[in-house]
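Colleague: I have a model open and would like a close look at one part, the place where the two chains meet. Could you walk me through it, and then through any backbone details worth checking?

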There are 2 protein chains.
Amino acid sequence: MTASFSPDSDRILHAPLRSRIMSADEAAALIPSGAHVGMSGFTGAGYPKLVPAALARRIESAHASGDPFRISVWTGASTAPELDGALAKVDGIEMRLPYQSDPECRRRINAGQMEYIDIHLSHVAQAVWSGFFGPLDVAVVEVAGVLEDGRLVPSSSIGNNKTWIDRADRVILEVNAWQNPALHGMHDIYYGTQLPPRRVPIPLVRADDRIGESCFRCDPDKIIAVVPTRHPDRNSAFSAPDENSRRIAGHILEFLEHEVKKGRLPRELLPLQSGVGNIANAVLEGLNEGPFENMTAFTEVLQDGMLAMLKSGKLRCASATAFSLSPDAQAELNADLARYRDRIILRPQEISNHPELIRRLGVIAMNGMIEADLYGNVNSTHLMGSQIMNGIGGSGDFARNAYISIFMTPSLAKDGAISCIVPMVSHVDHTEHDVQVLVTEQGLADLRGLSPKQRARLVIDRCAHPDFRPMLHDYVERALHSGAGRQTPHLLGEALSWHQRYLATGTMRP
Amino acid sequence: MTASFSPDSDRILHAPLRSRIMSADEAAALIPSGAHVGMSGFTGAGYPKLVPAALARRIESAHASGDPFRISVWTGASTAPELDGALAKVDGIEMRLPYQSDPECRRRINAGQMEYIDIHLSHVAQAVWSGFFGPLDVAVVEVAGVLEDGRLVPSSSIGNNKTWIDRADRVILEVNAWQNPALHGMHDIYYGTQLPPRRVPIPLVRADDRIGESCFRCDPDKIIAVVPTRHPDRNSAFSAPDENSRRIAGHILEFLEHEVKKGRLPRELLPLQSGVGNIANAVLEGLNEGPFENMTAFTEVLQDGMLAMLKSGKLRCASATAFSLSPDAQAELNADLARYRDRIILRPQEISNHPELIRRLGVIAMNGMIEADLYGNVNSTHLMGSQIMNGIGGSGDFARNAYISIFMTPSLAKDGAISCIVPMVSHVDHTEHDVQVLVTEQGLADLRGLSPKQRARLVIDRCAHPDFRPMLHDYVERALHSGAGRQTPHLLGEALSWHQRYLATGTMRP
């Protein structure tokens with residue numbers, strides 16, 4: 001399939017929609033107070049660039065005149081300052097779901113000024129289709145173009161856009177001419193989802209299977225505004241992997257090689273899922289230099305490390321729901337997008353993160369974390385138990401149904417004031433039943449087949465920073481002899497005392 | 001398909017196997033010390049009745065002569081005193097997985113004398129096939145008979161038996177003539193599972209689809225012993241539902257009716273999953289008297305309540321991996337088994353609990369719990385954070401991938417000394433992301449679409465016992481103003497203090 005428009009041509013080829021072209025301010029005026037608004041956007045890719053800011057200006061004026069204008073914002077995942085930042089700054093968000101990573105959003109959520117529901121990314125579409133969150137009043141979706149027949153060419157992320165377009169009463173499109181027209185043909189929009197009892201197997205058995213269509217279908221009658229834009233995606237630069245990240249990557253590579261040698265993983269591994277960030281990129285860099293060939297990815301976002309693996313040929317194909325690239329990688333991809341088009345597939349996030357598919361494909365899930373405890377419980381979301389950082393995102397979708405679920409972090413945070421291995425995590429996002437491998441720069445603990453007590457000793461010796469090991473061993477030994485029960489020995493009066501000490505003194509060190 | 005043998009006829013129709021008939025003591029002598037032994041058994045149904053006890057006697061003698069004889073015991077789920085009890089009493093179990101509910105096992109695990117790995121029941125087969133737990137040396141499996149061609153007629157539970165028979169180097173059969181020959185034809189053994197990357201969609205789209213075979217296949221050459229038995233399954237009587245159970249059932253019925261009215265559930269509901277115990281039976285009793293017709297069940301065990309629903313016709317069909325019946329219900333079923341045979345399907349537990357199928361069918365999951373916290377985290381396994389009760393069993397398989405996941409408990413335990421709604425649970429088995437509805441006799445809290453703060457107020461007002469509500473409200477209000485973060489407000493120094501107080505004083509009351 002080839003692109004139907006060149007970078008400089010008109011992107012709105014469907015004649016009736018040309019009459020609905022308007023400014024962002026005019027479009028924002030069509031969003032009522034109290035509306036549930038489904039916006040595009042996933043890790044800074046494919047979010048609307050102008051309408052949210054225009055809406056923020058409108059909200060600011062409304063507040064100035066005493067009108068308590070606020071909306072609920074539903075997205076794919078995180079977005080950008082032009083969306084989450086702009087709306088949060090004017091106190092325009094009543095309720096946010098399912099994921100955010102914006103500093104201003106985070107500040108308001110933790111100040112109790114904004115409600116936030118942190119949801120498994122694969123669960124959102126189902127919840128919206130079931131009608132539980134109420135009607136979706138308006139969708140604001142960035143697309144790369146509109147074809148003659150009215151089909152919409154998706155942008156640099158899919159996220160929940162299919163659901164927003166299908167479910168919304170009214171749709172506002174931003175047509176972004178900055179997006180590469182060669183994106184057309186890269187997407188795979190599966191139109192076979194249903195609510196139970198009408199669900200059938202999803203016919204995907206390989207990471208690179210295409211099971212859907214290249215464009216969104218949308219009834220043109222419900223498109224109430226079309227806003228042309230030409231704005232780049234937000235892209236954050238990654239710093240080069242530091243020593244800790246390289247060590248973590250090394251431990252994971254060694255583990256994967258060991259599993260292949262034992263015959264528990266095929267030589268080309270199984271489809272990879274990787275979170276974002278510097279550690280994830282270091283692991284991918286390590287894989288790109290490692291011994292495995294013909295790898296595949298079935299993941300949420302395609303980040304710099306995976307692009308490099310596609311370029312080198314180590315990665316045969318990658319399935320994701322969004323790009324999450326640095327400016328350099330973005331420029332490189334854009335210059336050569338058609339070359340990658342057959343090897344990259346962007347899918348709706350309910351498919352990229354679907355438990356059925358993750359289990360079937362046997363994904364190797366690699367995700368970052370805030371902290372882990374002695375028994376393998378993982379906190380991915382909350383600092384000191386109360387403050388949200390970002391959200392669980394897709395880590396639960398992947399970890400729970402993965403063939404091997406790996407969580408990783410440096411052993412220390414905040415210049416050594418915080419041990420990321422603690423007696424008991426202050427919030428649990430992934431339980432002991434769902435965490436198989438923990439990795440820090442110190443080493444790797446394979447928790448499979450171990451009882452909680454056995455896990456504790458391994459986690460301390462392999463993953464904790466040496467400074468904290470004696471305190472952790474001391475905790476376990478005293479808990480074992482406290483008489484409270486030896487399956488998962490805890491001293492409840494001390495279990496969270498490291499976090500309390502940090503809150504009181506600024507360090508977990510005594 | 002009709003039974004090939006009558007209750008009184010020979011159950012071992014395959015001639016070569018007749019030569020391997022021996023006593024339980026002779027069979028037990030074939031199990032070496034240190035062996036990994038896969039035994040049949042799921043909630044007191046279909047476990048071997050004689051070989052484990054014979055092995056326990058052998059172990060006792062060995063210990064008396066200074067031989068540290070122990071084995072690892074892998075099962076479907078819980079078994080019975082003749083298996084777990086007998087082997088635990090002689091200190092014969094080195095490692096136990098994936099679930100137990102035996103008092104002697106529990107005592108030894110909590111005393112630190114037995115290692116126990118508490119695993120999602122759907123994960124066991126995959127882990128064993130991948131070889132991670134090491135070789136499976138011996139399988140000890142109860143069957144209802146052996147056909148002329150050597151196929152094995154399954155007993156009153158399937159559990160992991162297919163995996164044990166396929167993977168074990170040697171197989172010991174107990175052929176139990178007590179089991180009803182009309183069981184033949186009730187089972188559905190799916191032979192399509194694979195390790196990745198060779199997995200394909202599981203072709204089941206309705207709870208009553210049959211996708212497999214009625215018997216186990218087994219290479220006769222690896223059957224080293226055949227032990228004829230005629231012993232009943234362990235069955236525990238249920239007490240009649242008490243007032244609290246009836247109230248919990250009432251709240252759940254009202255909720256389901258409300259969801260149907262809102263158009264979020266079909267009139268026949270979606271396939272039901274229900275745990276075992278008196279509350280579960282009360283809920284099923286309520287459903288049997290309620291307004292819904294043509295219901296289906298896709299669950300783990302078929303208990304008294306579901307049998308009554310099958311009898312009344314309210315339940316069209318039930319898919320499970322085992323029976324878990326009281327003696328009365330067992331007798332009733334046995335007297336009339338052929339009548340139920342087309343409406344009951346027993347499957348391997350990797351299929352009955354498979355995430356792909358639970359998600360596809362849209363199961364309504366209803367499970368008991370030990371405690372829940374203000375934010376919707378659920379503890380299903382540990383008393384006061386350290387002592388294991390039974391295990392997570394299939395509750396995680398179902399809750400995580402269910403269409404609606406419901407957890408229920410009376411609001412008080414231990415004659416009112418314990419509040420089952422606490423500031424922070426002492427162990428997390430189901431995170432805030434996976435728990436949608438909490439129910440106690442006080443009421444029901446629908447947590448969908450609520451932020452943690454909103455959930456807290458609802459959980460207190462709807463689910464907590466009035467005696468503990470002021471303390472819980474006070475906790476949340478002080479946590480909200482402590483400055484630690486308002487997404488999930490906690491006071492870490494007090495979060496587990498209710499459990500500490502119970503351990504110190506015998507009550508959570510101040």
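Modeller: Happy to! Please keep in mind that this is a predicted model. Let's begin with the contact between the chains, to which chain A brings 84 residues and chain B brings 83 residues. The size of an interface is often expressed as the accessible area that is lost when the parts come together. Here, chain A and chain B bury about 7100 Å² between them, and 53% of that lies on carbon and sulfur atoms.

Now for the polar side of the contact. Between chain A and chain B there are 31 residue pairs in polar contact, with both residues at pLDDT 80 or more. On the side of chain A that touches chain B, at least two residues each come from several elements, including helix H5 (103-110), strand S4 (115-116), helix H14 (355-361) and helix H16 (452-463) of chain A. H14(A) gives the most to this side, namely five residues. Sorted by class, the side of chain A that touches chain B holds 34 nonpolar, 32 polar and 18 charged residues. As for charge pairing, four salt bridges are counted between chain A and chain B. One of these can be named: Glu115(A) pairs with Lys453(B), and their closest N and O atoms are 3.8 Å apart.

Cys218(A) is buried, at 12% relative accessibility. Cys105(A) is buried too, with a relative accessible area of 0%.

On to the backbone. Most peptide bonds are trans, and most residues other than glycine have a negative phi. In chain A, the bond joining Leu97(A) and Pro98(A) is cis, with omega about -5°. Pro98(A) sits in the loop between strand S3 (93-97) and H5 of chain A. In chain B, the peptide bond from Leu97(B) to Pro98(B) is cis, with omega near 0°, and Pro98(B) lies in the loop between strand S3 (93-97) and helix H5 (103-110) of chain B.

Two positive phi values complete the tour. Asp91(A), not a glycine, has phi of about 60°; this residue is in the loop between helix H4 (81-89) and S3 of chain A and is partly exposed, at 28% relative accessible area. Asn294(B) has a positive phi near 60°, lies in the loop between helix H9 (278-289) and strand S10 (295-298) of chain B, and is partly exposed at 45% relative accessibility.

Methods: Residues are numbered from 1 along each chain as its sequence is written. Chains are lettered from A and ligands numbered from 1 in the order in which they are written. This is a predicted model: local features need pLDDT of at least 70, side-chain atom pairs count only at pLDDT 80 or more; totals for chains, interfaces and linings use all residues. Side-chain values use heavy atoms; hydrogens and water are left out. Buried means under 20% relative accessible area, exposed over 50%, partly exposed in between (1.4 Å probe, protein chains only). Contact means heavy atoms within 4.5 Å. Buried area is the accessible area (1.4 Å probe) that two parts lose on being put together, summed over both. A salt bridge is a side-chain nitrogen of Lys or Arg within 4 Å of a carboxyl oxygen of Asp or Glu. A polar contact is a pair of N or O atoms within 3.5 Å; within protein, one must be able to donate a hydrogen and the other to accept it, and residues adjacent in sequence count only if both atoms are side-chain atoms. Helices (H or I, at least four residues) and strands (E, at least two) are DSSP runs, numbered from the N terminus. Ala, Val, Leu, Ile, Met, Phe, Trp, Tyr, Cys and Pro count as nonpolar, Asp, Glu, Lys and Arg as charged, and the others, Gly among them, as polar.
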